[in-house]
Amino acid sequence: MRVLVAEDHAKLAGKIAAGLRRDGMAVDVVLDGQDALDHVGVTRYDVIVLDRDLPKVHGDDVCRSLLARGCESRILMLTAAGAIEDRVDGLGLGADDYLPKPFAFAELVARIRALARRSHPPVPPVLVYGDLRLDPARRVATRGGLRLALSPKEFAVLELLLEARGAAGPAEELLERAWDEMTDPFSSAVKMTISRLRAKLGDPPVIETVAQSGYRI
């Protein structure tokens with residue numbers, strides 16, 4: 001999952017990003033509204049966590065602009081104002097969800113995942129292929145009933161491949177969806193992650209390399 005966190009308090013933005021990355025998400029961080037619009041112009045995000053009180057371009061105007069562009073990303077708006085009227089205003093701007101500060105981090109993660117499920121064709125809550133099972137909400141993957149010790153990136157790539165339902169995922173797309181903007185686009189990160197995944201998944205092999213198309217399960 002690719003997430004953009006637009007929050008002008010750098011310390012809070014860093015904490016949110018670190019927590020989401022621990023949960024297996026690829027996260028980019030911006031500190032003002034103009035930077036948020038610039039990022040969305042070049043990167044496809046599943047969910048945008050948008051603080052309402054951003055400098056340069058206010059969060060309300062960012063939300064309006066994204067809707068006018070036809071942006072398909074889901075928008076979760078954050079604000080320090082918790083009154084019902086503020087929530088109604090935020091949703092009225094076109095945000096998909098609204099979360100007042102302070103918030104429980106577990107709730108933020110749950111809301112992001114719920115919104116991300118609405119960004120794609122419906123997928124079951126637990127992804128299954130043969131004896132391979134992956135539960136995104138619980139962050140658990142098993143094969144043959146045995147739990148797999150996967151890193152966040154390995155879990156993310158496995159989730160993307162299972163969600164594709166047999167379609168091949170190009171390495172470039174996997175890199176865009178599972179890594180953040182700080183990753184070198186010419187790195188071998190995807191190839192190395194696939195190699196480690198294959199070793200951990202064991203036999204019989206389930207990840208297939210498709211010539212000039214990428215990888216699939």
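Visitor: Okay, which residues of α6 meet α8?
Guide: On the α6 side they are Lys153, Glu154, Val157, Leu158 and Leu161, and on the α8 side they are Thr193, Ile194, Arg196, Leu197, Lys200 and Leu201. Contact here means heavy atoms within 4.5 Å, and the helices (H or I, at least four residues) and strands (E, at least two) are DSSP runs numbered from the N terminus.

Visitor: And what classes do those residues belong to?
Guide: The contact of α6 with α8 has six nonpolar, one polar and four charged residues. Ala, Val, Leu, Ile, Met, Phe, Trp, Tyr, Cys and Pro count as nonpolar, Asp, Glu, Lys and Arg as charged, and the others, Gly among them, as polar.

Visitor: Before we go on, what kind of model is this?
Guide: This is a predicted model, in which local features need pLDDT of at least 70 and side-chain atom pairs count only at pLDDT 80 or more, while totals for chains, interfaces and linings use all residues. Residues are numbered from 1 along each chain as its sequence is written, and side-chain values use heavy atoms, with hydrogens and water left out.

Visitor: Back to those helices, at what angle do the axes of α6 and α8 cross?
Guide: The axes of α6 (residues 152–163) and α8 (residues 189–201) cross at roughly 85° and come within 10 Å, which means that α6 is roughly perpendicular to α8. Angles of 65 to 115 degrees count as roughly perpendicular, under 35 as roughly parallel, over 145 as roughly antiparallel and the rest as oblique. The axes are lines fitted to C-alpha atoms, for helices over the stretch in contact, and angles run from 0 to 180 degrees between N-to-C directions.

Visitor: Switching to strands, what is the order of the open sheet?
Guide: Five strands form the open sheet, in the order β2-β1-β3-β4-β5, with parallel pairing. Its edge strands, β2 (26–30) and β5 (97–100), each pair on one side only, where pairing requires that DSSP finds at least two bridges between two strands. Ignoring direction, neighbouring strands of this sheet are turned by 20° against each other on average.

Visitor: How many bridges link β3 and β4?
Guide: Strand β3 (residues 47–51) and strand β4 (residues 74–79) pair in the parallel sense over five bridges, and Asp51 stands opposite Leu78 in β4.

Visitor: Which strands does α5 lie across?
Guide: Helix α5 (residues 105–117) lies across β1 (2–6), β3, β4 and β5, and runs at about 155° to β4. Within helix α5, Arg111 and Glu107 are four residues apart, about one turn of the helix, and their side chains meet in a salt bridge (2.8 Å, N to O).

Visitor: How many salt bridges are there?
Guide: The count comes to 18 salt bridges, each being a side-chain nitrogen of Lys or Arg within 4 Å of a carboxyl oxygen of Asp or Glu. Glu7, Asp51 and Lys101 are linked in a network of salt bridges.

Visitor: What about Lys56, which residue is its salt bridge with?
Guide: Lys56 forms a salt bridge with Asp32, and the closest N and O atoms are 3.8 Å apart. The pair links distant parts of the chain, 24 residues apart, with Lys56 in the loop between β3 and α3 (59–69) and Asp32 in the loop between β2 and α2 (33–42).

Visitor: Is Lys56 buried or exposed?
Guide: Lys56 counts as exposed because its relative accessibility is 73%, whereas Asp32 is buried, with a relative accessible area of 13%. Buried means under 20% relative accessible area, exposed over 50%, and partly exposed in between (1.4 Å probe, protein chains only).

Visitor: Where do Asp96 and Arg74 lie?
Guide: Their side chains meet in a salt bridge (3.3 Å, N to O). Asp96 lies in the loop between α4 (84–92) and β5, and Arg74 in strand β4, so the pair ties together parts that are 22 residues apart in sequence. Asp96 is partly exposed at 23% relative accessibility, and Arg74 is partly exposed with a relative accessible area of 22%.

Visitor: Last topic, how many residues are between β6 and β7 in their hairpin?
Guide: There are two residues between β6 and β7, and Gly130 in the turn has a positive phi of about 60°. Three bridges join β6 (residues 127–129) to β7 (residues 132–135), and the two run antiparallel. Strand β7 also runs antiparallel to β8 (residues 140–143), to which four bridges join it. Leu134 in β7 stands opposite Leu127, and in β8 the bridge partner of Leu134 is Ala141.
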